[in-house]
Every structure is written in C-alpha cells, then in structure tokens.
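Let's take a walk through a protein model together. Have a look at the picture first, and then we'll go piece by piece.

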Amino acid sequence: ARATADPHLMIASGACLEHYGAAEPYFPVLEALGRLLRETVADRLISVLETHAPTWLAQLPWLKHPGDREPVRHVLGVTKERMLREMAEALEALTAKTALVLVLEDLHWSDYSTLDLLGMLARRREAARLLVVGSYRSVDVIVKPHPLRGLIQELRVRRQCEDIALAFLREPHVAAYLAQRFGGHAFPSELARAVHQR
C-alpha cells in the first residue's frame with residue numbers, strides 16, 4: 001500500500017507465495033489490508049472493517065485498536081461464504097468516496113479462497129470505485145491444473161476482465177533495469193546479456 005498525491009485514491013498490494021503445504025486463505029488480500037492499515041487511511045479502514053467485515057478484522061490480531069475501540073473478540077459462525085460477503089460489502093463501503101487499486105501479484109500461487117473472492121468481486125453489480133490488477137505466469141496456469149485458469153476463462157467470457165499478455169524483456173530492457181537499479185556502477189555489457197539469457 002502507498003499513499004498517493006490524490007486523497008481520493010488508495011493503492012494496496014499483496015503477493016501470493018509459493019507454498020508446499022496448505023496456503024493461508026486470503027493471504028494476499030490480508031497482506032494488502034495490513035499495508036493499508038499502516039497508511040493514513042487506517043482509522044477509516046478499521047471503522048469499515050468493524051462495521052462490515054469483523055471476521056476480516058479478526059484475521060489481523062497484531063492490530064492495535066486506537067482510542068476506545070475494543071479488540072475484536074472471537075467471531076462466531078465464521079464461514080468462507082460469510083467472509084466473501086463481508087469483504088464485498090466492506091470494499092463497497094470503503095470505495096464509496098475513495099477509489100482503490102488492489103494489486104495482487106503471482107496469482108498462479110494463490111489459494112482458492114482468494115480466487116473465490118476475485119470471482120465474487122468481478123460478478124457484483126453494485127457500484128464500487130475498485131480496480132483489481134492481478135499478475136500471473138500464464139505457463140504455470142496452463143501446465144498445472146490451477147483453478148485460476150477456469151476463473152480467467154469465465155471472466156473473459158462474461159467480459160468482466162481484461163487479460164493483458166506482456167512480452168518478454170529484451171536485452172536493452174535488462175541493461176536499462178540494471179543501470180537504474182544499481183546506479184553508479186559501470187557493469188560490463190556482457191552482464192546484461194547473461195542476465196537476459198537466464
């Protein structure tokens with residue numbers, strides 16, 4: 001998450017992680033919320049979560065509640081469906097006056113709950129100033145039986161998403177990245193070639 005010059009825009013990002021066991025449900029979304037909670041919108045976000053998504057607030061136990069807010073107690077009746085509904089309602093309330101760009105990276109490693117949330121958000125008809133940008137490696141989705149493939153196909157058919165394939169970087173792009181990332185270093189030209197080949 002990061003503050004923007006525009007007070008009517010929030011940007012939050014989270015990334016899926018490659019895992020070998022069970023993944024934490026909604027991990028990249030919780031990461032994005034956690035980052036937003038460290039920004040100037042924290043009080044507003046906490047208020048929205050308390051009102052519309054208390055089960056999500058309970059997933060952030062490290063959160064210290066300012067002022068007279070009581071810590072969220074154990075929430076009864078938590079189901080996957082309830083969490084989906086709560087987050088959809090919370091995002092509608094949060095984006096009533098402020099636009100949100102939610103960036104979720106490496107969706108080819110995503111847990112199924114996150115994909116269910118993305119599908120639900122895409123299908124909702126209620127107005128929201130929300131843009132979800134997701135990145136994934138298409139080869140991983142094609143080669144491995146991952147439910148992201150089915151979700152993307154469904155959203156494409158319903159015209160609820162835009163799929164933008166990115167071209168591979170060329171050697172000059174790699175050289176420009178190295179020059180920017182490691183400014184002041186005079187790398188030999190062979191380095192960009194070697195990095196590009198790998």
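"Buried" here means under 20% relative accessible area, "exposed" means over 50%, and "partly exposed" is anything in between, using a 1.4 Å probe and protein chains only. Strands (E, at least two residues) and helices (H or I, at least four residues) are DSSP runs, numbered from the N terminus.

A quick note before going on: this is a predicted model, in which local features need pLDDT of at least 70 and side-chain atom pairs count only at pLDDT 80 or more, while totals for chains, interfaces and linings use all residues. Residues are numbered from 1 along each chain as its sequence is written, and side-chain values use heavy atoms, with hydrogens and water left out.

## How the sheet is put together

Strands of a sheet pair through backbone hydrogen bonds, and the pairing can be parallel or antiparallel. In this work, two strands count as paired if DSSP finds at least two bridges between them.

β1 and β2 (residues 99-105) pair in the parallel sense over 7 bridges. You can follow the partners along the way: Leu9 has Ala99 as its bridge partner in β2, Met10 stands opposite Leu100, and Gly14 stands opposite Leu104. On to the next pair: β2 and β3 (residues 130-134) run parallel too, joined by 5 bridges. Leu100 faces Leu130 in β3, while Leu104 stands opposite Gly134. To get from β2 to β3, the chain passes through helix α5 (residues 112-123), and this β-α-β crossover is right-handed. Right-handed means that, with the strands pointing away from the viewer, the path from the first strand over the helix to the second runs clockwise.

Put together, this gives an open sheet of 3 strands in the order β1-β2-β3, with parallel pairing. β1 and β3 stand at the edges with a single partner strand each, so one side of each has no neighbour in the sheet. From one strand to the next, the twist averages 15 degrees; axes are lines fitted to C-alpha atoms (for helices, over the stretch in contact), and angles run from 0 to 180 degrees between N-to-C directions.

## The whole chain

As for confidence, pLDDT is the predictor's confidence in each residue, from 0 to 100. Its mean over the chain is 86, and 89% of the residues reach 70 or more.

Glu86 is found in helix α4 (residues 80-94). Is Glu86 buried or exposed? Glu86 is buried, because its relative accessible area is 3%. Its side chain makes a polar contact of 2.4 Å with the side chain of Thr55. A polar contact is a pair of N or O atoms within 3.5 Å; within protein, one must be able to donate a hydrogen and the other to accept it, and residues adjacent in sequence count only if both atoms are side-chain atoms. Leaving aside neighbours within four places in sequence, Glu86 also touches His52, Ala53, Pro54 and Trp56, besides Thr55.

His146 sits in the loop between α6 (138-143) and α7 (147-157). His146 counts as buried because its relative accessible area is 16%. A polar atom of the His146 side chain lies 3.2 Å from the backbone oxygen of His108. Not counting residues up to four places away in sequence, His146 has contacts that include Leu107, Trp109 and Val141.

Tyr26 is not a glycine, yet it has a positive phi of about 65 degrees. You'll find Tyr26 in the loop between β1 and α1 (27-36), and it is buried, since its relative accessible area is 2%.

Asp106 is not a glycine either, and its phi is positive as well, at about 60 degrees. Asp106 belongs to the loop between β2 and α5. Its relative accessibility is 24%, so Asp106 counts as partly exposed.

Terms used: Contact means heavy atoms within 4.5 Å.
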